[in-house]
Amino acid sequence: MFEGKTIGFIGGGNMGEALIRGLISASVLLPEQICVHDVLASRMDHLHKVYSVRPASNSAQVAAESGILILAVKPQVMSRVLDELRPHLDHRPLVISIAAGISLEALSASLPPDCPAIRVMPNTPALVLEGASALSRGSHVTTDQMDQAMALFRAVGSAMEVEEKWMDAVTGLSGSGPAYFLLLMEGMIDAGVLMGLPRPVARDLVAQTALGSARMVLETGKHPAELKDMITSPGGTTIRGLSVMEAAGVRGSLMRAVEAATLRSQELGKR
Ligand SMILES: NC(=O)c1ccc[n+]([C@@H]2O[C@H](COP(=O)([O-])OP(=O)(O)OC[C@H]3O[C@@H](n4cnc5c(N)ncnc54)[C@H](OP(=O)(O)O)[C@@H]3O)[C@@H](O)[C@H]2O)c1
C-alpha cells in the first residue's frame, strides 16, 4: 500500500515515536520511507539511532519529500507549524493531524485549497501498539487516502472512522480514558496492599486482570454485564464487592468524568 512512498512526521515526541515504532514493527513501512523533523535535535538523533528513520533539518524538507504528512506536535504550536508548511504543499500531500482540539475546518483554513486533511484522536496505549484511534476525513480525501490513514493507525492498535462532531466525545472517552483505567488500577493495587499483598504481586494481578477483562469483551463480543454476571454468584464474594462500588456511585462518576472531559475538549476547540 505504501510502496515507494515517503511518510513525513513533523514532531517526533511521544505520539510520533509510538507511530514510527508501530509502523516499522508491523512492517507497514521500511525505516527509509519515514522522514522526521523535530525542533529538538536530540529527538531526531534518538529516532535515527533506534529506528533508522531519516532526520530532516526543517519541516519544508519533510513536506517536499512526503506523500503523507503526519502532524504530531502539540496543539499550541500547530498554527506556527502550518504557517511554515503551507508554502511547501503545492503537491497536495495528505495531511494527518493528531493534535487534540484542532478542527478540520481550522486545519483546512491553514492549508492550500483542496489539500486533503484527516483529523485523528489516538491515545497513549499506542506506545505499546494497543492504541484506540478515531479518524475523521475532510472533504478532499479520497477513498484510497482514507484506507492508507486507517492502515497507518491500525499499525499501533485499532482504528475507526467517526464523524467529526463526535471527536470531543472521543477525546473525553478514549483520549482521556487510559487515565481513568489507570486511576482505577492504582486504587485496586492499593486495596491489595491494604489486604496484605506485596505491592509487586498486587500490581501484576491487577494489570493482568484489566488486560484479561478487556480481551474478554473484545474477543467474546459479549456485553460486559453478561461477563460480570458470570463471576457474580448468589451470596458470593464478587456481589459483596460490587454492592460497595454501586453504593459509591462508580458508574455515575465515570459518566460525569467522560462528560466533563468532553465539555473541556469542546471548550479548548473554541479558543
Ligand atoms: N499523548 C497523548 O495522550 C495524546 C493523545 C491524543 C492526541 N495527542 C496529540 O498528539 C500530539 C503530540 O503529542 P505528544 O504527546 O507526542 O507531544 P510531545 O511528546 O511534546 O511531542 C511533540 C514534539 O514536537 C516537537 N515540536 C514542537 N514544535 C515543533 C515544530 N515547529 N516542528 C517540529 N517539531 C516540533 C516538540 O518539541 P518541544 O518539546 O521542544 O516542543 C516535541 O518533541 C499533540 O497535538 C496531542 O494533542 C496526544
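Colleague: Which residue in β5 does L71 stand opposite?

Modeller: L71 stands opposite S97. Bear in mind that this is a predicted model. β4 and β5 pair in the parallel sense, over four bridges.

Colleague: What else does L71 touch, beyond its sequence neighbours?

Modeller: Leaving out residues up to four places away in sequence, L71 touches I10, G11, M78, V81, V95, I96, S97, I98 and A99.

Colleague: And β4 as a whole, are its faces covered or open?

Modeller: Covered, on both faces. I68 and I70 are buried on one side, L69 and L71 on the other.

Colleague: What does β4 do with β1?

Modeller: β1 and β4 run parallel, joined by four bridges. G8 of β1 stands opposite L69 in β4.

Colleague: Which way do the β1 residues point?

Modeller: I7 and F9 point one way, G8 and I10 the other. All of them are buried. β1 also pairs with β2 in the parallel sense, again over four bridges. There, I7 stands opposite I34.

Colleague: What's the strand order across the sheet?

Modeller: The order is β3-β2-β1-β4-β5-β6-β7-β8. This is an open sheet of eight strands, and the pairing is mixed.

Colleague: Which strands stand at the edges?

Modeller: β3, residues 54–55, and β8, residues 157–161. Each has a single partner strand, so one side of each is left without a neighbour in the sheet.

Colleague: How many bridges between β5 and β6?

Modeller: Three, in the parallel sense. β5 covers residues 94–97 and β6 covers 117–121. The bridge partner of I96 in β6 is I118.

Colleague: Let's talk core. Which residues touch the most other members of the largest nonpolar one?

Modeller: L69, I70, L71 and I96. That core has 52 residues. Helix α1, residues 14–25, gives the largest share, with five residues.

Colleague: Switching to helices. Which residues of α6 are buried?

Modeller: Q145, Q148, A149, L152 and F153. Seen down the axis of α6, the buried residues fall within an arc of 130°, so they line one face of the helix.

Colleague: Why would residues spaced like that point the same way?

Modeller: An α-helix has 3.6 residues a turn, so residues three or four places apart point the same way.

Colleague: What do the buried residues of α6 pack against?

Modeller: They pack against α1, β4, β5, β6, β7 and β8. The face turned away from the buried side carries the exposed residues T143, D144 and D147.

Colleague: What span should α6 have, and what does it have?

Modeller: α6 has 12 residues, 143–154, and at 1.5 Å a residue they should span 16 Å. The end C-alpha atoms are 16 Å apart, which agrees.

Colleague: Where does α7 lie?

Modeller: Helix α7, residues 167–175, lies across β6 and β7. The angle to β6 is about 35°.

Colleague: I've been looking at V170 in α7. Buried or exposed?

Modeller: V170 is buried, because 24 other C-beta atoms lie within 10 Å. The cut-off for buried is 20 or more.

Colleague: Which residues is V170 in contact with?

Modeller: Setting aside neighbours within four places in sequence, V170 is in contact with M121, A134, V162 and G175.

Colleague: How far is V170 from K228?

Modeller: They are 25 Å apart, C-alpha to C-alpha. In sequence, V170 and K228 are 58 residues apart.

Colleague: On to backbone angles. What is the phi of S27?

Modeller: Near 55°, a positive value in a residue other than glycine. S27 is in the loop between α1 and β2. S27 is exposed, with 8 other C-beta atoms within 10 Å.

Colleague: And what about the phi of D114?

Modeller: D114 also has a positive phi, about 70°, although it is not a glycine. D114 is in the loop between α5 and β6. With 9 C-beta neighbours inside 10 Å, D114 counts as exposed.

Colleague: Last one, the overall numbers. How many helices and strands?

Modeller: The protein has 12 helices and eight strands. Of the 271 residues, 34% count as buried. The C-alpha trace spans about 70 × 40 × 30 Å along its principal axes. Among contacts between residues at least 6 apart in sequence, 66% join residues at least 24 apart.

Conventions. Residues are numbered from 1 along each chain as its sequence is written. This is a predicted model: local features need pLDDT of at least 70, side-chain atom pairs count only at pLDDT 80 or more; totals for chains, interfaces and linings use all residues. Two strands pair if DSSP finds at least two bridges between them. Helices (H or I, at least four residues) and strands (E, at least two) are DSSP runs, numbered from the N terminus. Two residues are in contact if their C-beta atoms, placed from the backbone, lie within 7 Å. Axes are lines fitted to C-alpha atoms, for helices over the stretch in contact, and angles run from 0 to 180 degrees between N-to-C directions. A nonpolar core is a set of buried Ala, Val, Leu, Ile, Met, Phe, Trp, Tyr and Cys residues joined through C-beta atoms within 7 Å. A residue is buried if 20 or more other C-beta atoms lie within 10 Å of its own, exposed if 12 or fewer, and partly exposed in between; C-beta atoms are placed from the backbone. The expected span of a helix is 1.5 Å times one less than its number of residues. The arc is that of the directions from the helix axis to the C-beta atoms.
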